[in-house]
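Me: I am new to protein structures and would like to learn how to read one. Could you walk me through it, one feature at a time?

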Amino acid sequence: MRVGIDTGGTFTDLAVLGEDGQVHIGKVPSTPDDPGRALLAGLESLGLAGRFRVGGDAGDRDKVVHGTTVALNALLTGRLGRVALVTNEGFRDLIEIGRQDRPELYALEPEKPAALVPRERRFEVPQRSWPTEPPHQVAAEHAGGVGAALGSSALVEVRAPSDAELARLRGAVAASGAESIAVCLLHSYADPSIERRIAEALAPLGLPITCSAELLPAYREHERTSTALVNAALVPVVRQYLARLARELDPRHLELLQSAGGTLGAARAADEPARILLSGPAGGVIGAGAAAREAGLGAVVTLDMGGTSTDVAFHAPGAGLAGAVDDVKVAGHPVALPTLDLYTIGCGGGSLARVDAAGVLHVGPESAGADPGPVCYGRGTEPTVTDAEVHLGHVATGGFLGGELALDVGAVARAFERLGARLGVSSTAAAEAVVDVARAGMRRALGVMTMQRGRDPRRTPLVAFGGGGGLHAAALAEAIGCEGALVPQHPGVLSAWGMAHADALADRVQTVLVPLQAWSRRARAEALQALAELAAEELVAAGHGRQALTFETSLSLRYRGQSFELPLADTDDVAARFHAAHEERYGWRLADHPIDLVHLRARAIARAGHGASAAPKTPTSAPSRLECPRPVRERSAVFRGVRATIPVFDRAALTRGSEVLGPAIIEEFTATTLVPPGTRATLTNGAHLWLTAI
């Protein structure tokens with residue numbers, strides 16, 4: 001049994017894959033003060049709490065895969081552990097200097113995020129290492145070892161701190177009141193032992209220590225230092241959270257989802273929480289990719305609309321390691337660990353609608369969250385996107401979450417009367433305006449992940465899910481020119497469903513910085529194999545069988561003189577493929593220019609080994625004719641400014657071959673799908689809804 005649990009801002013979702021392959025789902029209100037309470041309440045609601053408690057009857061392969069926002073929320077709010085930074089003499093201000101870029105190009109008074117560690121807790125050691133030869137003159141014989149191009153064989157330490165200097169450092173860190181330590185030294189990616197010596201000297205303090213070269217053995221000291229600081233600041237927070245969970249839940253059966261889309265053991269997550277910053281959105285991408293495969297789609301753009309935010313991503317089958325990015329910024333802080341390529345906006349079902357002093361309507365990023373929640377839940381006072389859908393008749397007022405939650409329609413009407421008065425329009429027009437503003441933000445986010453990435457949205461179907469994805473899927477697909485939109489089965493818990501399907505991953509990266517032509521294909525293969533073995537050791541230590549592991553490897557390449565690189569799988573014609581990939585991404589190539597090999601990357605994968613999802617109720621072959629199901633009820637609803645009586649369908653009653661013509665509403669336990677006028681909804685393989693223009 002595998003249980004996926006996604007803690008969101010408003011609801012905590014559960015998806016259970018039983019040994020029989022059947023899917024069971026659950027949804028409970030989140031508890032922002034302690035997200036673990038909602039997790040345990042969800043297990044209790046499904047009768048599984050006892051099974052996964054310490055001393056329970058869970059088997060060795062039974063797992064709870066948890067996607068949590070604990071680390072992300074801590075970083076966004078600044079409620080972090082007190083960190084001490086240890087770095088080279090003369091470099092303690094590097095973390096503030098950064099890249100000197102301007103994220104807000106036209107801001108007259110730009111604001112940089114505050115450094116994660118104040119200057120008084122940045123400590124310097126007199127340490128220097130230097131390469132014995134320039135990187136581009138490193139001989140090919142160094143290719144025999146991982147990172148040897150700038151590894152210990154090509155690096156010499158010209159100044160090392162003495163025992164007395166390390167003792168003074170230890171005393172200064174102890175007196176600073178730090179709760180966690182980050183050690184980040186120049187060139188340590190090439191020789192991690194120089195950071196380990198510092199860590200050993202500080203070990204008697206009993207504080208958690210993050211060594212940047214062990215977490216991220218890659219060059220670019222600003223990004224590596226920032227990543228290590230983020231990790232060190234999160235360790236006290238995440239360890240405390242997981243320790244509370246461990247009092248109720250057996251940690252042997254708990255795994256956390258990484259931002260890269262794979263699972264990580266609870267103990268490793270406690271030591272390296274920077275790897276789980278974007279675990280919730282990653283689960284949705286996994287689930288959306290699986291749904292797209294079942295429906296017969298290839299590359300897709302995904303949209304996950306939750307209670308607080310909307311996450312947009314691109315998913316291509318088989319992209320794997322090459323589809324990950326390592327240039328993510330979270331709350332303005334670079335985190336250079338492998339992450340699915342995601343773009344997030346502060347627009348969700350709970351996003352608050354407000355009118356500014358100039359009379360302009362804004363939606364989000366502030367959210368009603370789980371407490372007090374939207375007005376329709378009975379405690380909120382300010383209208384949200386969900387309230388707008390209720391007021392327009394798009395969301396059922398008496399059967400929300402299968403009848404478990406009664407909605408306060410009267411309070412919603414009064415809230416939109418007040419909003420309409422501020423805007424000078426009717427309450428209905430105000431509700432439509434809230435929806436339009438929210439969709440405009442989501443449309444821009446989809447443009448970032450398609451057109452701004454060099455992808456044609458006309459050839460990239462949309463997969464929309466989350467509690468609110470189905471309400472906007474058809475309209476957004478039409479707005480960006482998609483051929484259609486897929487609303488997966490159980491869309492409101494798809495992130496949890498994806499988590500339950502996630503494989504265990506271990507990623508390794510090593511900077512080499514050599515000309516591509518200096519290493520033969522054989523030399524590159526040997527170095528990648530050595531790196532893959534390191535990744536395999538991590539999964540074997542976590543209890544996965546060595547023979548069952550699979551591997552992915554890639555190279556990071558760039559033109560000589562460029563600052564950033566592109567990932568590609570290694571092949572005999574990798575240079576030609578790099579030229580083509582660069583032209584596709586940026587519109588130009590330098591066919592005669594030298595190419596640099598910057599990083600080697602390897603990933604070990606332990607497949608989840610769960611049972612297959614329940615088969616569709618009807619054969620997967622194409623139906624001979626389309627069937628028009630009968631609606632279960634009718635409801636007054638507004639579409640495109642016109643209020644009319646609209647048929648409502650029960651999604652569970654639809655079978656493959658069913659066709660629903662808009663305007664219509666399709667309801668299920670976790671979400672609602674709108675079928676606007678001029679739109680057709682059909683059921684695909686896997687029981688997913690495919691929305692296209694008539």
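**Reading the fold, step by step**

Reply: Let's begin with contacts. In this predicted model, residues 24 or more positions apart account for 69% of the contacts in the chain with a separation of 6 or more.

Me: What radius of gyration would a compact globule with 694 residues have, and what does the chain have?

Reply: A compact globule with 694 residues would come to near 26 Å, and the chain has 26 Å, so the two agree. Along the principal axes, the C-alpha atoms fill a box of roughly 80 × 60 × 55 Å. The secondary structure comes to 18 helices and 34 strands.

Me: How many of the 694 residues count as buried, in percent?

Reply: The share is 55%. A residue is called buried when its relative accessible area is under 20%. Take Ala 336: its value is 10%, so Ala 336 is buried.

Me: Where does Ala 336 lie, and which residues does Ala 336 touch?

Reply: Ala 336 lies in the loop between β17 (333-335) and β18 (339-340). Leaving out residues up to four places away in sequence, Ala 336 touches Leu 216, Glu 223, Thr 227 and Asp 326. Ala 336 and Ala 218 are 118 residues apart in sequence, yet 9.0 Å apart in space, C-alpha to C-alpha.

Me: Is Val 158 buried or exposed?

Reply: Exposed means over 50%, and Val 158 is at 56% relative accessibility, so Val 158 counts as exposed. Val 158 lies in strand β8 (residues 155-159). Together with Trp 130 and Val 156, Val 158 forms a nonpolar patch on the surface, with about 320 Å² of accessible area in total. The chain exposes about 28600 Å², and carbon and sulfur atoms supply 51% of that.

Me: Now the aromatic rings, please. How many aromatic pairs are there?

Reply: Ring centres must lie within 6.5 Å to pair, and the count comes to four aromatic pairs. One of them is Phe 11 with Tyr 377, which is edge-to-face, at 6.1 Å centre to centre and 65 degrees between the planes. Phe 11 lies in strand β2 (residues 11-17) and Tyr 377 in the loop between β21 (361-367) and α11 (385-391), so this pair ties together parts that are 366 residues apart in sequence. Phe 11 and Tyr 377 are both buried.

Me: What kind of pair do Tyr 559 and Phe 578 form?

Reply: Tyr 559 and Phe 578 are edge-to-face, with 4.9 Å centre to centre and 70 degrees between the planes. Their pair links strand β25 (residues 549-559), which holds Tyr 559, with helix α18 (residues 574-586), which holds Phe 578. Tyr 559 is buried at 1% relative accessible area, and Phe 578 is buried at 0%. Ring pairs also bring in Trp 588, forming a cluster with Tyr 559 and Phe 578.

How values were computed: Residues are numbered from 1 along each chain as its sequence is written. This is a predicted model: local features need pLDDT of at least 70, side-chain atom pairs count only at pLDDT 80 or more; totals for chains, interfaces and linings use all residues. Side-chain values use heavy atoms; hydrogens and water are left out. Helices (H or I, at least four residues) and strands (E, at least two) are DSSP runs, numbered from the N terminus. Buried means under 20% relative accessible area, exposed over 50%, partly exposed in between (1.4 Å probe, protein chains only). Contact means heavy atoms within 4.5 Å. Patches are made of residues with over 30% relative accessible area and no salt bridge: like charges are joined within 9 Å, nonpolar side chains (Val, Leu, Ile, Met, Phe, Trp, Tyr) within 5 Å. Accessible areas come from the Shrake-Rupley method with a 1.4 Å probe; for residues, only the protein chains shown count as cover. A salt bridge is a side-chain nitrogen of Lys or Arg within 4 Å of a carboxyl oxygen of Asp or Glu. The radius of gyration is taken over C-alpha atoms; the globule rule is 2.2 Å times the number of residues to the power 0.38. Rings of Phe, Tyr and Trp (its six-membered ring) pair if their centres lie within 6.5 Å; planes under 30 degrees apart count as stacked, over 60 as edge-to-face and the rest as tilted.
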